[in-house]
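This briefing is intended for a reader with the sequence and coordinates at hand.

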Amino acid sequence: MPNTTTPHTDIRTSGWIAHLPAKLRPYALLARLDRPIGAWLLFLPGAWGILLPGAHTVIAPMERLRLLVLFGIGSVVMRSAGCVVNDMWDRDIDRQVARTAGRPLASGALRMRHAALFLLLLLLIGFTILLQLNGLTQILGASSLLLVALYPLAKRFTWWPQLVMGFTFGFGAPMGYAAITDRCDATQMLLYAATIFWQLGFDTIYGFQDMEDDARIGVKSTSRLWVHRPRGFVGACYSLAAIAFIAAGVLAHTGFGFFLGALICVGLLLHQASRINPADPRLCLAQFRANRDIGIGFALACLAGLLT
């Protein structure tokens, strides 16, 4: 079956989604299971937090692996829950935006009661996973639900919804760090800051795809706010993320392999920022997606720090 993605939407109804029973397909699309990039971008900061603590944290390798698996499953589940909440809030807006008009709630393929029951199921699964973690991480995980619920409102009241998204999607970093160390400290906060600035940068790139529709219906975003200085703004976000990430490595007393890997990833980010073109939606989507591989690179840098 040919790929049904068009320049006007990033919804994918081809591939494995097409083989699901007809009744399940709208739920898979509502959860964005056709586009796993979001789950990756939620998981990777958690992986950084799990892999960064080194010299002063004696943890068995299998425990780190167990936590990575739990965070991986949890990221898929909670990213899906966040998408459901977002679409419940935004269904009327989504109908007016070409890229999102085909989403299940906006198109009428699912009703609000279906979404509410699906959200409850996802939250129950997420809660079960959270119970496998230490008490501090459980508290952090429960508190993140407030950000998940409020994020869709940000675009209605502020020009900085991508910053709110950074706080929300980046919460895996302090959770992963707490799951390993069972404490909160400056290293954890620096890692969280790095995640926030990184995600502010790439989500601003993502938002360039919707500027015409957003302006027409009055949706605010950093993409619209900084459209005339996109390279400078995203470059500043990535630079701040790099400084915070490397500083977190210094405080964590990680090995030299971390710094080598991190500098390579920083170079990729800055190169991306230098090529931004808000008038080219295809390039913006490709650059957004490239952050998954860059995020994996940062995770490998953390792993290298453990091994050197």
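At 5% relative accessibility, Arg32 falls under the 20% limit and therefore counts as buried. The residue is located in the loop that links helix H1 (25-30) to helix H2 (37-51). The model described here is predicted.

**Arg32 and other residues with positive phi**

- Most residues other than glycine have a negative phi.
- Arg32 is not a glycine, yet its phi is positive, at about 60 degrees.
- His253 is likewise not a glycine and has a positive phi of about 55 degrees.
- The loop between helix H12 (230-251) and helix H13 (256-274) contains His253.
- With a relative accessibility of 47%, His253 counts as partly exposed.
- Asp182, which follows H8, also has a positive phi, near 60 degrees.

- Helix H8 is mostly covered, with 10 of its 10 residues buried.
- Its buried residues include Gly172, Pro174, Met175, Tyr177 and Ile180.
- The buried residues of H8 pack against several helices: H2, helix H3 (61-94), helix H5 (112-130), H6, helix H7 (161-169) and helix H9 (186-207).

**Packing of H6 against H8**

- Two packed helices are described by the angle between their axes and the distance between the axes.
- For helix H6 (residues 135-157) and helix H8 (residues 172-181), the angle is about 165 degrees and the axes are 8 Å apart.
- Angles over 145 degrees count as roughly antiparallel, and H6 and H8 are therefore roughly antiparallel to each other.
- The crossing of H6 and H8 is left-handed.
- On the H6 side, the contact is formed by Leu136, Thr137, Leu140 and Gly141; on the H8 side, by Pro174, Met175, Ala178 and Ala179.
- The residues of this contact between H6 and H8 comprise 6 nonpolar, 2 polar and no charged.

**Packing of H9 against H14**

- H9 packs with helix H14 (residues 281-307) at an angle of about 155 degrees, and their axes are 7 Å apart.
- H9 and H14 are therefore roughly antiparallel to each other.
- Trp198, Phe202, Ile205 and Tyr206 in H9 meet a set of H14 residues consisting of Cys284, Leu285, Gln287, Phe288, Asn291 and Gly295.
- The contact of H9 with H14 is made up of 7 nonpolar, 3 polar and no charged residues.

**Salt bridges**

- The structure contains 8 salt bridges.
- One of the pairs is Arg66 with Glu63, whose closest N and O atoms are 3.0 Å apart.
- Arg66 and Glu63 are 3 residues apart in helix H3, which means that about one helical turn separates them.
- An α-helix has 3.6 residues a turn, so residues three or four places apart point the same way.
- Arg66 is partly exposed, with a relative accessible area of 34%, and Glu63 is also partly exposed, at 27% relative accessibility.
- Asp92 forms a salt bridge with Arg95, with the closest N and O atoms 2.4 Å apart.
- Asp92 counts as partly exposed at 46% relative accessibility, as does Arg95 with a relative accessible area of 43%.
- A salt bridge also links Asp293 to Arg292, and their closest N and O atoms are 3.0 Å apart.
- Asp293 is partly exposed, with a relative accessible area of 45%; Arg292 is partly exposed at 29% relative accessibility.

**The loop between H3 and H4**

- Thr100 is placed in the loop between H3 and helix H4 (104-107).
- At 3% relative accessibility, Thr100 counts as buried.
- Apart from its neighbours within four places in sequence, Thr100 is in contact with Asp94 and Ala106.
- Thr100 and Asp90 are 10 residues apart along the chain, and their C-alpha atoms are separated by 9.8 Å.

Methods: Residues numbered from 1 in each chain as written. Predicted model: local features only at pLDDT ≥ 70, side-chain atom pairs only at ≥ 80, totals over all residues. Heavy atoms only, no water. Axes fitted to C-alpha atoms, helices over the stretch in contact; angles between N-to-C directions. Helix = DSSP H or I, 4+ residues; strand = E, 2+ residues; numbered from the N terminus. Parallel < 35°, antiparallel > 145°, perpendicular 65-115°, else oblique. Left-handed = near helix turned anticlockwise from the far one by under 90°. Contact = heavy atoms within 4.5 Å. Nonpolar A, V, L, I, M, F, W, Y, C, P; charged D, E, K, R; others polar. Buried < 20%, exposed > 50% of the residue type's maximum accessible area, 1.4 Å probe, protein only. Salt bridge = Lys/Arg side-chain N within 4 Å of Asp/Glu carboxyl O.
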